Amino acid sequence: MILAIILSILLFVLGLIHFNWVIGGTFGYSEALPTNENGDRVLSPKKIDSASVAIGLIAFGTFYIFKAGIIDYNLPLWILNYGSCIIPAIFLLRAMGDFKYVGFFKKIKNTPFGKLDTILFSPLCLLIGILGLLILLKY
């Protein structure tokens with residue numbers, strides 16, 4: 001149950017950061033976007049993109065609240081089964097990366113994003129993926 005609470009809090013905080021960007025907040029925005037060696041962004045997300053990610057993160061956090069039984073709501077068994085595998089897989093794949101700009105195996109490492117991705121973003125995704133797998137094994 002503790003792991004589910006920790007994971008839910010992490011996912012809720014990440015969702016709130018993305019919602020902050022939707023309403024025009026700038027906290028961490030430029031640092032969260034990969035750039036090439038020239039400093040040009042390789043992604044230019046729209047507000048709808050940030051909103052979609054935020055909704056997904058909040059939904060994932062809520063999933064783990066339900067999975068741990070913190071809130072008594074009977075999700076269909078297939079959602080619990082597939083969600084328990086798919087959510088960690090998403091974050092483990094993100095930690096692995098695209099082999100160019102993001103993840104542990106990226107080639108472009110010496111940009112401000114690349115450095116932050118190495119010390120924060122990819123390890124956080126790995127942590128979320130591992131916590132999800134531990135919860136999968138526990139419940």
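This is a predicted model: local features need pLDDT of at least 70, side-chain atom pairs count only at pLDDT 80 or more; totals for chains, interfaces and linings use all residues.
Residues are numbered from 1 along each chain as its sequence is written, and side-chain values use heavy atoms, with hydrogens and water left out.

I noted that helix 4 gives the most to this lining, with seven residues. The lining counts 33 residues, and H18, W21, A32, V53 and R94 lie nearest the centre of the pocket; a pocket is an open set of points on a 1 Å grid over the protein atoms alone, where a 1.4 Å probe fits, with protein on both sides within 12 Å along at least five of seven lines, and lining residues have an atom within 4 Å of a point. Its space comes to about 990 Å³, a volume being the space filled by probe spheres set on the points. By class I recorded 24 nonpolar, five polar and four charged residues in the lining, where Ala, Val, Leu, Ile, Met, Phe, Trp, Tyr, Cys and Pro count as nonpolar, Asp, Glu, Lys and Arg as charged, and the others, Gly among them, as polar.

I turned next to helix packing. The axes of helix 1 (residues 2–22) and helix 2 (residues 47–67) come within 8 Å and cross at roughly 165 degrees, which makes the two roughly antiparallel, a term for angles over 145 degrees. Their contact holds 18 nonpolar, six polar and one charged residues.

For helix 1 and helix 4, I read an angle of about 145 degrees with the axes 10 Å apart. In this pair L3, A4, I6, L7, L10, L11 and L14 of helix 1 meet L124, L127, I128, L131, G132, L134 and I135 of helix 4, contact meaning heavy atoms within 4.5 Å. I found 13 nonpolar, one polar and no charged residues there.

Last, I checked helix 3 against helix 4, which pack at about 160 degrees with their axes 8 Å apart, and are therefore roughly antiparallel to each other. Helix 3 brings S84, C85, P88, F91, L92, R94 and A95 to this contact, and the residues from helix 4 include F113, D117 and F121. By class the contact has 13 nonpolar, four polar and two charged residues.

Technical notes:
Axes are lines fitted to C-alpha atoms, for helices over the stretch in contact, and angles run from 0 to 180 degrees between N-to-C directions. Helices (H or I, at least four residues) and strands (E, at least two) are DSSP runs, numbered from the N terminus. Angles under 35 degrees count as roughly parallel, over 145 as roughly antiparallel, 65 to 115 as roughly perpendicular and the rest as oblique.
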